[in-house]
Amino acid sequence: MILTITLNPLLERRLIFDNIKYGKVNRTENEIYKAGGKGINVNRQLNLLGMQSAGLTFLGGNNGKMLRKILTEEEINFTAVNTKNETRSGCLAIDNSAKTISTFFGPNTILLSEEINEFEQRLEKAVLNSSIVVISGSSPSPLADEIFIKTIELCGINDKLCVLDTYGKHLKDCIDKAPAILHNNLEELEKSLNISLKTEKEITDFLDYLYSKDVKMAFLTNGKKTGYASKFGFKYKFTVPAVKEIDATGSGDAFVSGICYGLEKSMVFEDFLKFAAAAGASNCTKWDVCASSKDEIESFIPEVKIEPVGKKMKIIDDSPNY
């Protein structure tokens, strides 16, 4: 089973307009509530791929109650630690004529130390019952940063694959704990670590740095541009399919879902890298986040191109071997 950890879930209120007139009164009869948060997005996509997964998160207040209802309706398996404070919310205004989406986020949930302690107690059992653990998204507060570290440590102790997909000041400490797999967006990495990743050499040097930190696999995406990946020190670059983009929100989460799918299915490295890139591309073609079918994803696979960078691996059996 694949476990996702979402420390900063989001109740999305989506308002859909035919034509938004900024600075004017806009009314809509189309209002939809959705469950957001990077780990939750991964759960949704894995469900559509027929993979067993579960989420561990925080939920509180009226927003938390609504999120519980939405997650149940989506048949997303989850466990939540109750919080005294309200789960964060966001309003998304979709303009169908301009094909744009504007997002307005509320404040992060304030977590209490006793809530974090309860979460960590549940985390230990959840990790033991999982094969892959995905910890993704932002941290709601410095107090919650320790959960990222705790998760990586538990995965190491219990020989579980940890997939890290986060950003912020805590990222460097997370890398120092050697998660098995890292995914990130190049722009987020530059901001989080205060580094430059503009040239191929800077990127490949960073992949070498990750491997020196015992990160076994790394996947660095860059929107429509060339992405980079590494496995046990061997580096690759990949081009993503050209699509008619509607909304790229959650494409990184779809990519992570593809990684998890490939690992769980014991696919060879290049095959699940192609699947992950195709999942990210497919996600861009619709408003709904991480809502692509397996057939939709696979239709983009032939357009994903991978080539080695630097020394080449002699492939006998390129399965993950974990």
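Q: Contact means heavy atoms within 4.5 Å. Which residues in helix 3 meet helix 4?

A: The model is a predicted one, in which local features need pLDDT of at least 70 and side-chain atom pairs count only at pLDDT 80 or more, while totals for chains, interfaces and linings use all residues. Residues are numbered from 1 along each chain as its sequence is written, and side-chain values use heavy atoms, with hydrogens and water left out. Helices are DSSP runs (H or I, at least four residues), numbered from the N terminus. From helix 3, Ile116, Phe119, Glu120, Leu123, Glu124 and Val127 meet Glu146, Ile147, Lys150, Thr151, Leu154 and Cys155 of helix 4. This contact comprises 7 nonpolar, 1 polar and 4 charged residues; Ala, Val, Leu, Ile, Met, Phe, Trp, Tyr, Cys and Pro count as nonpolar, Asp, Glu, Lys and Arg as charged, and the others, Gly among them, as polar.

Q: At what angle do the axes of helix 3 and helix 4 cross?

A: Axes are lines fitted to C-alpha atoms over the stretch in contact, and angles run from 0 to 180 degrees between N-to-C directions. The axes of helix 3 (residues 113–128) and helix 4 (residues 145–157) cross at roughly 20° and come within 10 Å. Helix 3 and helix 4 are therefore roughly parallel (angles under 35 degrees; over 145 is roughly antiparallel, 65 to 115 roughly perpendicular, the rest oblique). Their crossing is right-handed, that is, the near helix is turned clockwise from the far one by less than a right angle.

Q: How do helix 1 and helix 8 pack, and at what angle?

A: Helix 1 (residues 38–48) packs against helix 8 (residues 251–264) at about 55°, their axes being 9 Å apart. The two are therefore oblique to each other, and helix 1 passes helix 8 in a right-handed crossing. Here Lys38, Asn41, Val42, Gln45 and Leu46 in helix 1 meet Asp253, Val256, Ser257, Cys260 and Tyr261 in helix 8. By class, the residues of this contact are 5 nonpolar, 3 polar and 2 charged.

Q: Which residues have the most contacts inside the largest nonpolar core?

A: A nonpolar core is a set of buried Ala, Val, Leu, Ile, Met, Phe, Trp, Tyr and Cys residues joined through side-chain atoms within 4.5 Å, buried meaning under 20% relative accessible area with a 1.4 Å probe, protein chains only. The largest has 39 residues, and Ile5, Leu7, Phe119, Leu164, Leu182, Leu210 and Leu220 have the most contacts inside it. Helix 4 gives the most to this core, with 6 residues. A second, separate core of 37 residues includes Leu49, Met217, Tyr261 and Leu273.

Q: Which residues does Phe119 touch?

A: Leaving aside residues up to four places away in sequence, Phe119 touches Ile5, Leu7, Leu56, Thr57, Phe58, Val81 and Ile147.

Technical notes. Buried means under 20% relative accessible area, exposed over 50%, partly exposed in between (1.4 Å probe, protein chains only).
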